[in-house]
Amino acid sequence: MAYTLEQYAALQAAIAEGALTVRYQDKSVQYRSLDEMMRILKLMATELGLNSNNDGGRRYASFSKGY
């Protein structure tokens with residue numbers, strides 16, 4: 001599913017307010033729980049490339065002489 005930044009921001013705002021209903025443009029979505037909202041927010045962030053825990057795929061080498 002393709003999410004927009006507007007949908008992401010609306011869901012974030014609803015979570016911050018403690019509301020289970022999210023409105024954006026002319027649409028309204030009713031969620032069952034905060035847990036459901038958080039899971040969808042995480043899914044949206046992943047699809048939109050907003051995850052802050054992404055270190056760019058860097059890997060660091062380690063060497064040992066084996067003593």
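Visitor: Where is the place of A45?

Guide: A45 sits in helix α2. Helices here are DSSP runs of H or I with at least four residues, strands are runs of E with at least two, and both are numbered from the N terminus. The model is a predicted one, in which local features need pLDDT of at least 70, side-chain atom pairs count only at pLDDT 80 or more, and totals for chains, interfaces and linings use all residues. Residues are numbered from 1 along each chain as its sequence is written, and side-chain values use heavy atoms, with hydrogens and water left out.

Visitor: Is A45 buried or exposed?

Guide: Buried means under 20% relative accessible area, exposed means over 50%, and partly exposed lies in between (1.4 Å probe, protein chains only). A45 has 6% relative accessibility and therefore counts as buried. Of the 67 residues of the protein chain, 22% count as buried.

Visitor: Which residues does A45 touch, not counting residues up to four places away in sequence?

Guide: A contact requires heavy atoms within 4.5 Å. By that criterion A45 touches Y8, L50 and N51. T4, in the segment before α1, is 41 residues from A45 along the chain, with 9.9 Å between the C-alpha atoms. At 38% relative accessibility, T4 counts as partly exposed.

Visitor: What pattern does the protein chain follow along the sequence?

Guide: The order is α-β-β-α, which comprises two helices and two strands. Among contacts with a separation of 6 or more, 40% are between residues 24 or more positions apart.

Visitor: How do α1 and α2 pack, in terms of angle and axis distance?

Guide: Two packed helices are described by the angle between their axes and the distance between the axes. Axes are lines fitted to C-alpha atoms, for helices over the stretch in contact, and angles run from 0 to 180 degrees between N-to-C directions. Helix α1 (residues 5–17) and helix α2 (residues 34–48) pack at about 150 degrees, with axes 10 Å apart. Angles under 35 degrees count as roughly parallel, over 145 as roughly antiparallel, 65 to 115 as roughly perpendicular and the rest as oblique. The two helices are therefore roughly antiparallel.

Visitor: Which residues in α1 and α2 meet?

Guide: From α1 come L5, Q7, Y8, L11, Q12, A14 and I15, and these meet L34, M37, M38, I40, L41, M44, A45 and L48 of α2. By class, this contact has 13 nonpolar, two polar and no charged residues. Ala, Val, Leu, Ile, Met, Phe, Trp, Tyr, Cys and Pro count as nonpolar, Asp, Glu, Lys and Arg as charged, and the others, Gly among them, as polar.

Visitor: How many salt bridges does the structure hold?

Guide: A salt bridge places a side-chain nitrogen of Lys or Arg within 4 Å of a carboxyl oxygen of Asp or Glu. The structure holds two. One joins R32 and E36, at 3.1 Å from N to O; R32 is exposed at 72% relative accessible area, whereas E36 is buried at 13%. The other joins D35 and R39, with the closest N and O atoms 3.3 Å apart. Both residues lie in α2, four residues apart, about one turn of the helix, and both are exposed.

Visitor: What is phi of Q25 near?

Guide: Most residues other than glycine have a negative phi. Phi of Q25 is near 50 degrees, a positive value. Q25 lies in the loop between β1 (21–24) and β2 (27–30), and it counts as exposed at 59% relative accessibility.
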